Amino acid sequence: MAARQASLFTNDELPENLLPWEIEGAASRAVADVVFNRPLPQVFQYVIPEPLVDLLQPGQRVRAPFGRGDRPLAGYCVGISIGQSPERRLKSLVEVIDREPLVDGALLKLTRWIADHTLCGWGQVLESVVPAGVKNRSGTRELVYLSLSNDARSRWQEMKLPAKQKAVVAALAGATGPLRIDDLAELAGCGVSPIQTLRDKGIVVSARQREMQTTTALPAADPRRDLKLNVLQLRASESILAAIRAAEHRTFLLHGVTGSGKTEVYMRAIEEVVAYRRQAIVLVPEISLTPQTIRRFRSRFDRVSVLHSHLSDAERHAHWRQIATGDVDVVIGARSAVFAPTPHLGLIVLDEEHESSFKQETTPRYHAREVARERARSLNVPLVLGTATPTLESWQRAVEGKDVLLSMPERVARRPMPPVVVVDIRNDPYIRQGGAIGRALLQAMQQALKDDGQIILFLNVRGYSPVLWCRACGEPMRCPDCDISLTWHKQRGVALCHGCDYETLRFQQCPKCQAPGLRHLGTGTERLEAEIRSRFPDVPCLRMDSDTMSARGSHDAALESFRHGQVKILLGTQMIAKGLDFPQVTLVGVVDADTVLHQPDPRASERTFQLIAQVAGRTGRGDRAGRVLVQTCCPDQPAIQAAARHDFIGFAREELIHRQEVLAPPFSHTARLVARGPREPDVQAWIQATANVLRELAAPVGVRVRGPAPCQIARAKTLFRYHLQVQHESLETLLTLWRSAEGRFPPGGEVDSIVDVDPLNMR
Ligand code: ADP
Ligand code: ZN
């Protein structure tokens, strides 16, 4: 087994479709490049034994001896080289698992790029990108088809055979193609035994074929509804159409305020692509995959495939196949739909570009926006990023002219942006008495209900109260396994850890000092709901958070009842902050704008701005004007002030000056290493030794190493957590440094670690 560094192929040399039998004398010297689902940067080489040569192409899985284990390990063949004799004796592959490649050459290259840019193994990326249902061929079964042998086909009429066998042969000769055994028996008017006999004689031959059983009939399209684009929409779409027509890669940042009609711009561009018989991928956050969104696309395009997280393995496999055969024009889905195997991709749209759910928080820790950028670049097609509140990473690229900025600063039909009132609640009498709804918000709610409007209240904390506190010893109740205080969930009657789902019923007394009577501090959505019900006992109100919305479909049902006006007050977590379009909403309340602001996170201000702007986007969308109340204890905070003025550009300008001063993103890239283990001294020692290795190599190339230090959540699920950060202006420099250092990291033992490139989650 020979290991080489990852540079076996540069991206552009990766063989797209090299068939070994097309090369003379290849058989004896064919070598497969294989990667495994392991955090290793290497590609491993194996001899392809003669009988397997014809069966193997890049993109298929194989089994090969690996490491010290006795059982061969499954891996992915990522390349085949022919003709050169390898420098060393290589082991042989033992099996080819798949009959056909699971991914094509372009997708292989993309997964390689992801491994390089997220610092994980190529095999890990492939394992994650190919859906389980595709790997196990879920929802298919193998059928046997029968036909005449070539020899029999030419001279079956002269053959001397018993009558029944003759009938079978005649039936096959007259058929337009191979037949299933039952159909053949019926056609020939006999049982299966004459057929078996003919098979034994070699006159009838069989072939196996795998067929889909799950169907993915696309629902009939909804009636078509055309809108005349306004001037701003036309201007934005013209730029995108020009890139499509010129077959050029460009990234467009479509910065349009909420309600400016961005979706119509996407659909105009997709129409163009579909007219060229190419496909478009539309990426949206999972929570925006509502029936409303899907309906909008189905009303415009005939062949729309929706990849949501509730698909079974068999359904996912069927969709994958259908997309790969080119039977779908538009693929809509969350993050992982960026890998949809469209044969002639013409455009990628990523809506709500600022959404952190586009970043995957398990290996491979990729950001769908960056993967989309690379996929679009390599295929020479445009990428459209749309949002009302761009991330500063994307904004800075547009400011520097690397990407094209398209602006739609006004709502459609001249609807005004809703006025946003910042309410200082530090001296509010109701809040002092322990309520969550202050005087101004209460009055605004009463007024909105009087005018027969609907209300949305947003609170980013679930449960009844986020802290259970003992007044005798002053201690909050903590999870025994995590460095996290327990949240009181009144309805379920448990105190719950939001880090690990630990729950306890023993909350009557303090676990430390046994004093009775714990106090509930702070307000979550459950407590807010109780407060609303006591303030407005006759008004139908609905809470949406992950506790009430766990059942499949409950989310959609809840939104429908709000749309139809049965529910007047909708309250919930971020689940309700995004993308919803309800024309009757005249009041939006942000119950506590400070929950995000006080996170120790370099993006806390940016997230606060986004939160207020997105929530504000939920009102004033119909003919009725709307308004927004933001409750805060920091009314002068610049992000809150800018959001109240709807001034993204002003916010970005100030925030970027600040970020540049401290070299925070987008002015640098970061690799964050998190180490975890059951014994704190081991974790400390390991990460300190690792930091030393990194520092030694980093200093000469100007890379900064910060830490190590305990993580914000210093203990989770019984494990102690430490982290460090490696930072540099150039991502390439950072990645190169890491790859050269990681071979020298000390052995982990019980300490395990993860690396996250350009992390969004800093906890
Ligand atoms: P965004 O995605 O920017 O928030 P949408 O695309 O959802 O905005 O559009 C907001 C609303 O305006 C939708 O109900 C949409 O049907 C409507 N709309 C969009 N463009 C037009 C237009 N040119 N004329 C009339 N209504 C429009
Ligand atoms: Zn816990």
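This note comments on selected strands, residues and a ligand site in a predicted model.

1. Basis of the model. Residues are numbered from 1 along each chain as its sequence is written, chains are lettered from A and ligands numbered from 1 in the order in which they are written. As the model is predicted, local features need pLDDT of at least 70, side-chain atom pairs count only at pLDDT 80 or more, and totals for chains, interfaces and linings use all residues, while side-chain values use heavy atoms, with hydrogens and water left out.

2. Strand 5. Helices (H or I, at least four residues) and strands (E, at least two) are DSSP runs, numbered from the N terminus. Strand 5 spans residues 73-81, and seven of its nine residues are buried (under 20% relative accessible area; exposed is over 50% and partly exposed in between, with a 1.4 Å probe and protein chains only). Strand 2 (residues 31-36) runs antiparallel to strand 5 and is joined to strand 5 by six bridges; two strands pair if DSSP finds at least two bridges between them. Within this pairing, Ala-32 has Ile-80 as its bridge partner. Strand 4 (residues 61-64) is likewise antiparallel to strand 5, through four bridges, and Arg-61 stands opposite Tyr-76.

3. The sheet of strands 20, 21 and 22. These three strands form an open sheet in the order 20-21-22, with antiparallel pairing. Strand 20 (487-489) and strand 22 (503-504) each have a single partner strand, so one side of each is left without a neighbour in the sheet. Three bridges connect strand 20 with strand 21 (residues 494-496), and His-489 has Val-494 as its bridge partner.

4. The shell holds 17 residues, of which Lys-228, Gln-233, Gly-259, Lys-262 and Arg-296 come nearest; a residue is near if one of its heavy atoms lies within 4 Å. Four residues of the shell are nonpolar, seven polar and six charged (nonpolar: Ala, Val, Leu, Ile, Met, Phe, Trp, Tyr, Cys and Pro; charged: Asp, Glu, Lys and Arg; polar: the others, Gly among them). Helix 10 (residues 262-275) supplies the largest share, three residues.

5. Polar atoms facing ligand 1. A backbone N or O atom of Lys-228 is 2.7 Å from a nitrogen atom of ligand 1. A polar backbone atom of Gly-261 lies 3.0 Å from an oxygen atom of the ligand, and a polar side-chain atom of Arg-296 lies 2.8 Å from an oxygen atom of ligand 1. Taken alone, ligand 1 exposes 560 Å², of which the protein buries 79%; accessible areas come from the Shrake-Rupley method with a 1.4 Å probe, and for residues only the protein chains shown count as cover.

6. Leu-229. This residue lies in the loop between strand 9 (204-212) and helix 9 (231-245). Leu-229 counts as buried because its relative accessibility is 16%. Leaving aside residues up to four places away in sequence, Leu-229 touches Leu-234, Ser-237, Glu-264 and Arg-268, where contact means heavy atoms within 4.5 Å.

7. Helix 11. In helix 11 (residues 291-298), the buried residues are Gln-292, Thr-293, Ile-294, Phe-297 and Arg-298. These buried residues pack against helix 10, strand 11 (279-283), strand 12 (304-307), strand 13 (330-333) and helix 18 (554-563).

8. Arg-369. Arg-369 belongs to helix 13 (residues 368-379) and is buried, with a relative accessible area of 7%. Beyond four places in sequence, the residues that Arg-369 touches include Leu-350, Glu-353 and Glu-393.

Note on methods: A polar contact is a pair of N or O atoms within 3.5 Å; within protein, one must be able to donate a hydrogen and the other to accept it, and residues adjacent in sequence count only if both atoms are side-chain atoms.
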